[in-house]
Amino acid sequence: MVTLAKTGNEVMAEAMRQIDPDVVAAYPITPATEVVMIFAQFVADGLVGTEYIPVESEHSAMSACVGAATTGARVMTGTSSQGLALMYEILPIASALRLPIIMCEVNRALSGPINIHCDHSDTMGCRDFGWLQIFSENAQEAYDNVIQAVRIAEDPRVMLPTMVTTDGFIISHCMEKVEVLEDKVAKDYVGEKKSPYSVLDVDKPVTIGALDLTDYYFEHKMPVIQAMKDARQVILEAGKDFGKRFGRPYGFFEKYKLDDAEFAIVALGSTCGTARVAIDELREKGIKAGMLKLRLFRPFPAEEIAEALSQVPNIAVLDRSDSFNAQGGPVFTEVRSAMYNRNAKIINYVYGLGGRDINVAQIKEVFCQLGRADKMPMVNYLGVRE
Amino acid sequence: MAGLKDLSKRKDPLTGGHRACSGCGFPQIVRMVCMASTDPVVVVSATGCLEVTTTIFPYSAWTTPFVHNAFENAAATLSGIEAAYNAFTRKGKVSKKINFVAFGGDGGTYDIGFQSLSGAMERGHNLLYVCYDNNAYMNTGVQRSGATPRGANTTTEPAGKVKQGKSRFRKDLTEIMVAHRLPYVAQATVGYWADLIRKAEKAFATPGPKFMNVLQPCRLGWAYPPAETFAMGRLAADTCFWPLYEVENGKYKITLKPREKKPAVDFFKAQERFRHLFKPNNAGLLEELQKEIDQRWEELLAKEAKA
C-alpha cells in the first residue's frame, strides 16, 4: 500500500489501470474527462493491455461496451451527466443481458439549465435500470469502490453492470491523501473474469439480444430482479474481504455516531464529510446528532436501513436531486418507504442542486429544525434563495 | 470468386423457418454476404426486420454468433466486439481468424444509426457494415427514411391530394462512406447475386473498415408480387436507379454498365409505391426523377473515368 496525493478522477483512473480491463470505450465530458484522458495516456504508454475505443458519443461508448462484454471481455467506461443521459437507452440492455460492465460515473447536474457542477440527478435518473449504484464520500472510497465493483459485478450471483459514483469537482477534482494498493495485490483481489459464453466462440454460436415478446419478457426480467437481491450478500462479502485484506471494511452504509442519536441525517456522497464536522460540533454541545451514510443506492438495502435507524426518533433525509414528483427526492421516498410502520418522524431536505454549496452551518440548522420536526414541512429546500 | 459448388458447401448463416415475408430480399443478402467469408463470422444486427424475423425467443435462425443491441448502434456494438477480439488475440486467448459483419436497414443506417456508423468507420475497426437498403422503415410499416426515393409513397410522407409522396431526393450514403476514405465501399443488389458475392469476398479480403450498401427490394413496402424480388433488384440496376459499383482505396469501378439503360419508369411502374406518379399531372415529376437518375449516373461515370 502506498499513500499518494490524488484527485478522485486520478484514483479512479489508477484503479482502472490496475484492473487492466480488456476494453474501455469512453467519451470525454466534464467533470469526468480526466478519467478518460489519464487512462488514454496509460494506453499510449503501454501500461495496460486494454483495447481503448475513443468513440464519437456516450451512446456509442455504452453500445461498444455492451458489444465487447458479449465476448466475455472485462469492460469499463466513465462518464457524467448528459453523457450518462445519452447512455440511458442502452443501460437497461446491459443489465438485461447480464453484462457486468463497470462505470466510473462523476455526479453532475443534468441540463437544463446547463451546469457542470455536482448534484445527483444524472445517477438518480437511471436508478431503475438494473445497474448497481455505489456512492463515494471521498477519493479513497472512490478508489476502493471501483476495485470492489469489479468483483461484485462479475460474481456469478450478480452479473450486473455497476456504476461507482463520485461527486463532480468536490471529489473528482480535489486532491486528497489516498492509500493505493500495490498492483499485484489489487489484481489478486479483483481476480480473473469468468464468462458463461462468448460470441467469439464460433463453435458454440449464441444469439444475444433476441426479440422477447409477451410470453417471455417477464420471465427474463425476474433473474435481474433476483440478482439485484442476491447482490446484497455479494457486496457484504466483498466489503468484508476488502477490510480483512486492507483494513478498510465496507458495508451497505456507515453509521456515524448513530447508535444513541436522537437526531439523524441520511445522506449520500461528499456531503457526509461536511456532516461529520457538524455532528462533532453538535455532540460537543451535548446534542445527540448522528448520521447514516448510504454507500449503496442500488440495490437499496431497505431492511438494514430501517434497522439501523430503528432507535432514532427524528430523521432528515438529504437529497442532492429532486424527483419532480411533488414529494421530495429519491433517497427520501425510498428511506421513508423502508421506515413504513416505524415510529419515526422523517422529513426531507433537497439541497445542493447544480453544485450549490452545502456547509457545516446549514447541516447544523437541519439538526436544529429536527428538534421541531413535527412542525416542519415534509419536504424542505436547503440553501436556495426565496 | 467462389463457384456455386463451393458456396453450396459453406455454412448457411440462417436456418430455414425464419419469419421474413415471402419474397423478402434480406435473407438472400445475409446468406450471400456471410457465405462469401471463408472464415467464421460474428454478426451484429440493428433493430429492424432482420432482427425481429430471425430471433423471436425462444427461436433463433442464426447458426453464427449473433448480437442485437438496439436500433441505432449496430456499428458501435460491433466495434466493441472487434476491439475485444483484438485484446484477446493480443493476450493469446483467441487464435481463430474471425470476420465481423454488421447488418442494418436503411433506417438504422442512413438515419438513426448514421453517427454510430460514421464513428466506427472513422476509427478504422476491421469490420464490414452492410446496409440492407429497402428504402423505408419497413419493419414498422413503411415510414419514410433518408433512403426513400423522391416521389415514393410512404406512411409518414404519403401521396395525397396535394402532395406527391416524398419531396426530397434520397441521401447518397454510399458516397458519404466514400468520403470517409474507406479502403472498400460498394453498392450492390440482390438479383445480381454474383456481383454481390464477389464484392463481399473483396470486402472480407480487405483489412480495415468496409461498407456495402445493398438494395433490398421489399415486396411489402414497394408493393409488387413476392416472386419479383430478384427481377426488381435487376431493374433497379438496369435503369441506373441503383448503380452497381465499388470504390477501392478511392478508385471507382462501375461493375454493371447496362448495354441499354432502361428508362426509370420501367422501375417505377412495377411498384405500387410510385403509382400516383403516373397520374397525368405528375408527368413533370417523372421527368425530374429521370433527370436526377441520369445526372447521378453521369457523375459516377465521370468519377470512374477519372480513376
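In chain B, β7(B) and β8(B) form a hairpin with two residues between them, and Asn249(B) in the turn has a positive phi of about 45 degrees. Strands and helices here are DSSP runs numbered from the N terminus, with at least two residues (E) for a strand and at least four (H or I) for a helix. The two strands pair in the antiparallel sense over four bridges; two strands count as paired if DSSP finds at least two bridges between them. Within this pairing, Glu248(B) stands opposite Lys251(B) in β8(B).

This is a predicted model, in which local features need pLDDT of at least 70, side-chain atom pairs count only at pLDDT 80 or more, and totals for chains, interfaces and linings use all residues. Residues are numbered from 1 along each chain as its sequence is written, while chains are lettered from A and ligands numbered from 1 in the order in which they are written.

Strands of a sheet pair through backbone hydrogen bonds, either parallel or antiparallel.

How is strand β9 of chain A joined to β2(B)? Two bridges link β9 (residues 207–208) of chain A to β2(B), and the two strands run parallel. Here Thr207(A) has Phe66(B) as its bridge partner. Further along, β1(B) pairs with β3 (residues 99–105) of chain B in the parallel sense over five bridges, and Val44(B) stands opposite Ala102(B) in β3(B).

**The interface**

In total, 40 residues of chain B are in contact with 37 residues of chain A, contact meaning that the C-beta atoms, placed from the backbone, lie within 7 Å. On the side of chain B that touches chain A, the elements giving two or more residues are β1 (41–45), α3 (49–54), β2 (66–68), α4 (74–90) and α6 (114–123) of chain B. Of these, α4(B) gives the most, with 13 residues.

The helix α4(B) has 17 residues and reaches 24 Å from its first C-alpha to its last, close to the 24 Å expected at 1.5 Å a residue; the expected span is 1.5 Å times one less than the number of residues. Because 14 of its 17 residues are buried, α4(B) is largely enclosed by the rest of the structure. A residue is buried if 20 or more other C-beta atoms lie within 10 Å of its own, exposed if 12 or fewer, and partly exposed in between, with C-beta atoms placed from the backbone. Just after α4(B), Gly92(B) takes a positive phi of about 75 degrees.

On the side of chain A, Ser60(A) is found in helix α3 (residues 58–69) of chain A. Ser60(A) is buried, with 31 other C-beta atoms within 10 Å. Leaving aside neighbours within four places in sequence, Ser60(A) is in contact with Val55(A), Asn73(B), Ala76(B), Ser116(B) and Gly119(B).

The table sets out the extent of each chain.

| Chain | Span of the C-alpha trace along its principal axes |
|---|---|
| Chain A | about 70 × 55 × 45 Å |
| Chain B | about 70 × 50 × 40 Å |

Chain A comes to 13 helices and 16 strands. Of its 386 residues, 54% count as buried. Chain B comes to 12 helices and eight strands, and buried residues make up 53% of its 307 residues.

Technical notes:
Contact = placed C-beta atoms within 7 Å.
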